[in-house]
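The report below describes one protein model, moving from a single residue to its surroundings and then to the chain as a whole.

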Amino acid sequence: MATNERLRRYLSDELGSCQDEDLEQRISELEEIDNSVSRVIETDVEGLSAVANETRYKIVRVLHAADSELCVCEFAPLLDVSDSAISHALSQLTDAGFLRRRKDGKWRKYQTTQRATALLVALDGSRDINHDKIDISTC
């Protein structure tokens with residue numbers, strides 16, 4: 001396989017030589033890494049997809065900033081979308097685990113979850129990282 005030949009050349013450069021056993025060991029190590037991350041990728045992609053829309057992301061941000069429950073009707077003045085689009089967005093965010101919903105009489109109220117808070121904290125913290133100045137050779 002061409003991919004393995006390129007890996008063989010890389011290992012040869014790194015190790016000084018590359019035997020079949022070296023290649024097989026490295027492929028085995030890479031497959032282990034792949035298996036360990038594959039378990040969470042689907043869940044993470046679903047979560048990231050849920051906030052990968054300006055309306056849904058704004059809902060999460062507004063709820064987080066409010067630091068309390070908001071009624072579904074309180075989003076309409078803030079979002080330039082239909083009521084049904086707001087309801088759909090709230091449903092998607094709830095299904096993805098970013099919002100908690102409860103019924104209060106005839107009203108539905110929403111609040112962020114710890115998962116939403118963790119995501120926002122990570123995003124906020126990542127803005128301070130200067131990607132251009134990281135020297136990966138020292139990592």
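Ala 89 is buried, with a relative accessible area of 3%, where buried means under 20% relative accessible area, exposed means over 50%, and partly exposed covers what lies in between (1.4 Å probe, protein chains only). The residue lies in helix H4; helices (H or I, at least four residues) and strands (E, at least two) are DSSP runs, numbered from the N terminus. Leaving aside neighbours within four places in sequence, Ala 89 is in contact with Thr 55, Arg 56 and Ile 59, contact meaning heavy atoms within 4.5 Å. The C-alpha atoms of Ala 89 and Ile 59 are separated by 8.3 Å, although the two residues are 30 residues apart along the chain.

## Basis of the model

The model is predicted, so that local features need pLDDT of at least 70 and side-chain atom pairs count only at pLDDT 80 or more, while totals for chains, interfaces and linings use all residues. Residues are numbered from 1 along each chain as its sequence is written, and side-chain values use heavy atoms, with hydrogens and water left out.

## Two buried threonines

Thr 55, one of the contacts of Ala 89, is found in helix H3 and is itself buried, with a relative accessible area of 18%. Not counting residues up to four places away in sequence, Thr 55 touches Leu 79, Val 81 and Ala 89.

Thr 94 has its place in helix H4 and counts as buried at 17% relative accessibility. With residues up to four places away in sequence again not counted, Thr 94 touches Leu 99, Arg 101 and Tyr 110.

## The nonpolar core

A nonpolar core is a set of buried Ala, Val, Leu, Ile, Met, Phe, Trp, Tyr and Cys residues joined through side-chain atoms within 4.5 Å. The largest such core has 19 residues, of which Ile 59, Val 60, Phe 75, Leu 93, Phe 98 and Leu 99 touch the most other members. Helix H3 (54–66), helix H4 (83–95) and helix H5 (114–126) are the elements that give two or more residues to this core, and the largest share, 4 residues, comes from H4.

For Phe 75, the residues touched are Ile 59, Val 62, Leu 63, Leu 70, Ile 86 and Leu 90, not counting residues up to four places away in sequence.

## An exposed loop residue

Asp 67 is found in the loop between H3 and strand S1 (70–71) and, at 67% relative accessibility, counts as exposed. Most residues other than glycine have a negative phi. Asp 67, although not a glycine, has a positive phi of about 55°.

## The chain as a whole

The secondary structure of the protein chain comes to 5 helices and 3 strands, and from the N terminus on the elements run α-α-α-β-α-β-β-α. The radius of gyration is 23 Å, well over the 14 Å that the globule rule gives for 139 residues, so the chain is more spread out than a compact globule; this radius is taken over C-alpha atoms, and the rule is 2.2 Å times the number of residues to the power 0.38. Taken along the principal axes, the C-alpha atoms fill a box of roughly 70 × 30 × 25 Å.

Buried residues make up 22% of the 139 residues. Among contacts with a separation of 6 or more, 45% are accounted for by residues 24 or more positions apart.
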